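The following report concerns the sequence and structure shown below.

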Amino acid sequence: MIFNEMINNGSIRKPYKKIDKWIKSFAENSYEKKHQEAQRIFKRIGITFSVYEKKSPQERMIPFDMVPRIFTSNEWKLIESGIKQRTKALNLFLYDVYNDASIIKEKIIPAELIYKSRAFESSMVGFSPPRKIFSHISGIDVVRTSLNKFVVLEDNCRTPSGVSYMMQNREIMMTMFPDLFNDNSIESIDDYPVNLRKMLTSIAPASCKNEPVIVVLTPGSYNSAYYEHSFLADLMGVELVQGEDLFTEKDKVYMRTVTGPKKVDVIYRRIDDNYLDPLCFDQNSLIGVPGVMNAYKNGNVTICSAPGCGIADDKAIYSYVPDIIKFYLSEKPILENVKTWNCSREKDLKFVLQNIKDLVVKEVHGSGGHGMLIGPKATKNQIKMFTKKIKNNPQKYIAQPTLDLSTCPTYTSNGMSPRHVDLRPFCLMGREMNVIKGALTRVALKENSLIVNSSQGGGVKDTWVLRK
Amino acid sequence: MLSSTAEKLYWACRYIERAEMTSRLLDVAYRISLTNNKENKNDEWESILLSTAVKEEYLFKNSKINQRRVEKFLFFEESNKSSIKNCVRFTRENFRMVRNRITREVWDVINSTYQELQDISSGRYKSSEIPNLCSWIKQKSSMLKGAIISTQLSSDSYDFMNLGYYLERADNIIRFIDVKNFISPINDKEKENNDYQWGILLRTLAAYTQFRLSYGVNMSQDKIAHFLIFNNTNPRSLFYSLENAKIHLKNLSSFYNLQSGAFSTSRKIISKLSDLTVKEIFDNGFNDFLAQYSDDINNLHIKIRNSYFGGVYNVFED
């Protein structure tokens, strides 16, 4: 039974009552007009992401759906405490993995799962970043499967994106429907950039005595999330830089300015580990900063998030997160995991191959909904192909049951209709821990589709947390 | 400010100024073509390729010069780095990379211009629409300038943007003057035709009435040269452009409290120009004058680059 967030047991749920009225108040066709207007605003502001087609970058817009997704303050409390717990545990795990490795010594997680992972960064071994935090910004994907059940679909500990959409969705809703915000008591999300800046300030190297100089490091304007990079730099009031704007000298990082070099203290990087420093990682990288890792390890600059963070959101580690929470916090996980079979285990592999047509199979290192098989929707041929792939490379795959993602009313060419949604809340971890009271809701616009990724036709919704 | 930010602001404005100038030239060529006699029908199309400095590129792609192809090449051609469409794209791309330095108003103008231009197909427009397309670009360029003037802070960003505008304009004026009809010796028979063409040229610079106000109804080579080179009230004269570049370089020097090599270079160029007269220019050879100042402008560009865009070893003293 799929949970509909607006209509439960035939009646409109309380948090959605006003929205239901609002939807019904639209005269015929006027909703379509408003819908078009919203898309136009997005286009005018230039909120786009890039996709590569025919080898050249094309700018695309993410379709915006006007019907908001709503959480009560109690529901949010549950999500927030679960996200905080998980982020805290994953940071303790990261520090441990690169230092004492007690979780491995205690045989809670098999050593090869960590040391053989591509995401494990050997150059970080023995390093203690400021405040012992590795993953300062997490975007943990959550889905709702019933009235009271929220489960974690995947962890994103590196550089989760989407927060700019969360903010722009709100901006557009407030511009177009100010009355909605008078009628409903909705938590504000405006302070995210301020909190982000505070967090980045709080992780400056100990050697930095003055107000730290912070930069956002982007791969450039052709990156799919470039809009977000410039948006965040803008709202935080810091420089947006590319690799070529930075250089190192005597293990310190400087940016090139019109009046000469200026020392940089904190780098919020939005480029992958591999490209960060050609002297340390991929030597062919043109978008990185040669020498930045040495500056980092000498305590002259802080990199957010720390290289090697990816080991915590690796899909193969995912199934161990409940154990990780127990091990470091002696707590029960507040948010459950989806049951996961690791094909690297023989028993799991056997089960997956037998039940593949009922399962979702994912590549351990895949992302963006690529390299994925949804058993119940797959053709015989696709199943045959995937079975072969899994047999050839079992450690590359995990499988999960298909989830009954909840639905939200969404505007379609046939009027309002339920569509599946997920949720990405954002958590900041510096001196304090902070979950923004709002999130990015992604919606699968195709009927019955479970794939919400923007690169595959997903849309977004404004997400409300109601005040008590 | 990041060196690369300054450089992007500078180039964004150079490109939009270039787009505007190309529109103006395209408009002139189109008007001349309407009244030209049939034999030298394609002369104006050749001279516009020369004055936008893309003749070689054009001939690389096209075997002969004709109106339709030149229009398309100057307005839409992908491979022509200075085509209007590309200039608008580069302006937007540069501004997009420094979004946090420009106001929402500035971004709105360039972004909507770019989006609308994407919808105009190079295959479908009619030649008769060229004047409309050109005036549309001129309008958008004015709107952008207006947004910059009325919403940007008068700080270093503003100076770098203006430097881009004035350097590009100075450079364009040199090439604009260089169209062959203007400098060729004139006999009486050709005089009438020249008056007509000068008239069009002035109209294109939106300066027909202004010219008459200052110089009277009779046009002459000397007057036109004075108007385009020395007139310090004409926003499209060489002197005016260089003088303003100097002012913005001076602003930057005081803003950063650092004397730049670029500023002293601009001062030298201006004082050299002030010492000249139209007569001397013609006596010493018009072509030499144009070549000399084209070099000077390029040299000034290099000095600006060395002073502000290097980022590590900035050269502040000459």
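## Domains of chain B

In chain B, 24 residues of domain 1 are in contact with 27 residues of domain 2, where two residues count as being in contact if their C-beta atoms, placed from the backbone, lie within 7 Å. On the side of domain 1 of chain B that touches domain 2 of chain B, the elements giving two or more residues are α1 (3–35) and α2 (43–51) of chain B. Helices (H or I, at least four residues) and strands (E, at least two) are DSSP runs, numbered from the N terminus. With 17 residues, α1(B) gives the most to this side of domain 1 of chain B. The residues on this side of domain 1 of chain B comprise 12 nonpolar, 4 polar and 8 charged. In this classification Ala, Val, Leu, Ile, Met, Phe, Trp, Tyr, Cys and Pro are nonpolar, Asp, Glu, Lys and Arg are charged, and the others, Gly among them, are polar.

The model is predicted: local features need pLDDT of at least 70 and side-chain atom pairs count only at pLDDT 80 or more, whereas totals for chains, interfaces and linings use all residues. Residues are numbered from 1 along each chain as its sequence is written, and chains are lettered from A and ligands numbered from 1 in the order in which they are written.

| Chain | Domain 1 | Domain 2 | Distance between C-alpha centres |
|---|---|---|---|
| B | 1–152 | 153–318 | 20 Å |
| A | 7–205 + 301–336 + 404–465 | 339–401 | 25 Å |

In chain A, the contact takes 11 residues from domain 1 and 9 residues from domain 2. The side of domain 1 of chain A that touches domain 2 of chain A divides into 4 nonpolar, 4 polar and 3 charged residues.

## Contact between the chains

Between the chains, 22 residues of chain B are in contact with 20 residues of chain A. At least two residues each of the side of chain B that touches chain A are supplied by α1, α5 (84–97) and α6 (104–119) of chain B. The largest share of that side, 5 residues, comes from α6(B). By class, the side of chain B that touches chain A holds 9 nonpolar, 8 polar and 5 charged residues.

## Overall form of chain B

Chain B has 16 helices and 0 strands. Its radius of gyration, taken over C-alpha atoms, is 20 Å, close to the 20 Å that the globule rule (2.2 Å times the number of residues to the power 0.38) gives for 318 residues, so chain B is as compact as a globular protein of that length. Along the principal axes, the C-alpha atoms of chain B fill a box of roughly 60 × 50 × 40 Å. Of the 318 residues in chain B, 44% are buried. A residue is buried if 20 or more other C-beta atoms lie within 10 Å of its own, and exposed if 12 or fewer do.

## Helix α14 of chain B

Helix α14 (residues 261–274) of chain B has 14 residues. Its buried residues are A262(B), F263(B), T265(B), S266(B) and I269(B). Seen down the axis of α14(B), these buried residues fall within an arc of 160° (taken from the directions from the helix axis to the C-beta atoms), so they line one face of the helix. What covers them includes α13 (238–256) and α16 (286–309) of chain B. On the other side of α14(B), S271(B), K272(B) and S274(B) are exposed.

Terms used
Domains from an automatic or database assignment. Expected span 1.5 Å × (residues − 1).
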